[in-house]
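Please look at the following model and work through the questions below it. Each answer sets a value against the definition that it has to meet.

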Amino acid sequence: MELAEQRYQHWCAQKTLDPELRQELAAMQNDADKITDAFYRDLEFGTAGLRGVLGAGTNRMNIYVIRRATQAVADYLNETDLPKTVAIGHDSRIKSDVFAREAAAVFAANGITAYLYPRLEPVPALSFAVRHLHCGLGICVTASHNPAAYNVYGSDGCQMTPEAAKRVVALLEQMDYFTAARTEDFDAALAAGRIRYIPDEVLDAFVDAVYAQRVGSGDGIADLKLVYTPLNGAGLECIRKLTQKLGIRNM
């Protein structure tokens, strides 16, 4: 309880705190249980990154948690021999696009070129981009099928190894939420080429790679009637491209 209260007061004292988060902190001022739940621990970083609900606090997903975690990942990447480039993708969930931009700005400020999908795309498209662009790491801002908001991929397009995650955790433990992360203006970094949008050619190459895995001759596919919904997922653009290549017209 004492630690949570100290952290709460520290966050309240930040003069440049995001207004939405400041309002949330003010609302929990006299609620010790809410303060404890929001600040009693740091979100744990693992092979899949960070997982938590949106909100103010060290036990929540917000821009300060994102910046701090991204700084640790950037420090890890800069101490390796991996390429100093990273691919970033996001889904349609609340603040996914915001968190993706925040991560890109931190990487850019640390001398790491950030390639960012300009639209929401599915996780496999991000994994493909990591390998296609020869990046050192990949970041996917997604809740996936769990309450996740931050997934980290290695240079092979797969989830980060336990050894790499442990190193990031060690770096994280030394970092303050408000002073540790280096960041810069997103638009300025984009104009300077430190942040770059992933070109459509990469997504087309991903769809082509999926198309190459098809089986059968395709006979009768023109007569197929298909109903598809991405629900709240990010697969619509890829599915449209793929079904057109397959020759499906009744969709």
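Q: What makes strand β3 (residues 85–90) count as mostly covered?
A: Six of the six residues of β3 are buried, where buried means under 20% relative accessible area, exposed over 50% and partly exposed in between, with a 1.4 Å probe and protein chains only. The model is a predicted one, in which local features need pLDDT of at least 70, side-chain atom pairs count only at pLDDT 80 or more, and totals for chains, interfaces and linings use all residues. Residues are numbered from 1 along each chain as its sequence is written, and side-chain values use heavy atoms, with hydrogens and water left out. Helices (H or I, at least four residues) and strands (E, at least two) are DSSP runs, numbered from the N terminus.

Q: How do you know that both faces of β3 are covered?
A: In a regular strand the side chains alternate between the two faces of the sheet. Thr85, Ala87 and Gly89 on one side of β3 are buried, and so are Val86, Ile88 and His90 on the other.

Q: Why are β3 and β4 (residues 113–116) said to pair?
A: Two strands pair if DSSP finds at least two bridges between them; β3 and β4 have four bridges, in the parallel sense, and therefore meet the definition. Alanine 87 stands opposite tyrosine 115 in β4. The chain passes from β3 through helix α5 (residues 96–109) to β4 in a right-handed β-α-β crossover, that is, with the strands pointing away from the viewer, the path from the first strand over the helix to the second runs clockwise.

Q: Which strand is joined to β3 by five bridges?
A: Strand β5 (residues 137–141) is joined to β3 in this way, and the two run parallel. Within β5, isoleucine 139 is the bridge partner of isoleucine 88.

Q: What makes isoleucine 88 stand out in the largest nonpolar core?
A: A nonpolar core is a set of buried Ala, Val, Leu, Ile, Met, Phe, Trp, Tyr and Cys residues joined through side-chain atoms within 4.5 Å. Of the 49 residues in the largest one, Phe39, Ile88, Phe107 and Met160 touch the most other members, while α4 gives the most to this core, with nine residues. A second, separate core of 17 residues includes Tyr115, Cys135, Leu203 and Cys238.

Q: Why is arginine 60 called buried?
A: The relative accessible area of arginine 60 is 12%, so the residue falls on the buried side of the cut-off. Arginine 60 lies in the loop between β2 (49–51) and α4 (63–78).

Q: How do you know that arginine 60 and aspartate 37 make a polar contact?
A: A polar contact is a pair of N or O atoms within 3.5 Å; within protein, one must be able to donate a hydrogen and the other to accept it, and residues adjacent in sequence count only if both atoms are side-chain atoms. The side chains of arginine 60 and aspartate 37 make such a contact at 2.6 Å, a value that lies within the limit.

Q: Is arginine 68 buried or exposed?
A: Arginine 68, which is found in helix α4, has a relative accessible area of 8% and is therefore buried. A polar atom of its side chain lies 2.9 Å from the backbone oxygen of leucine 172.

Q: Why are the buried residues of α3 (residues 32–39) said to line one face of the helix?
A: In α3, Ile35, Ala38 and Phe39 are buried. Seen down the axis of α3, the buried residues fall within an arc of 80°, so they line one face; the arc is that of the directions from the helix axis to the C-beta atoms.
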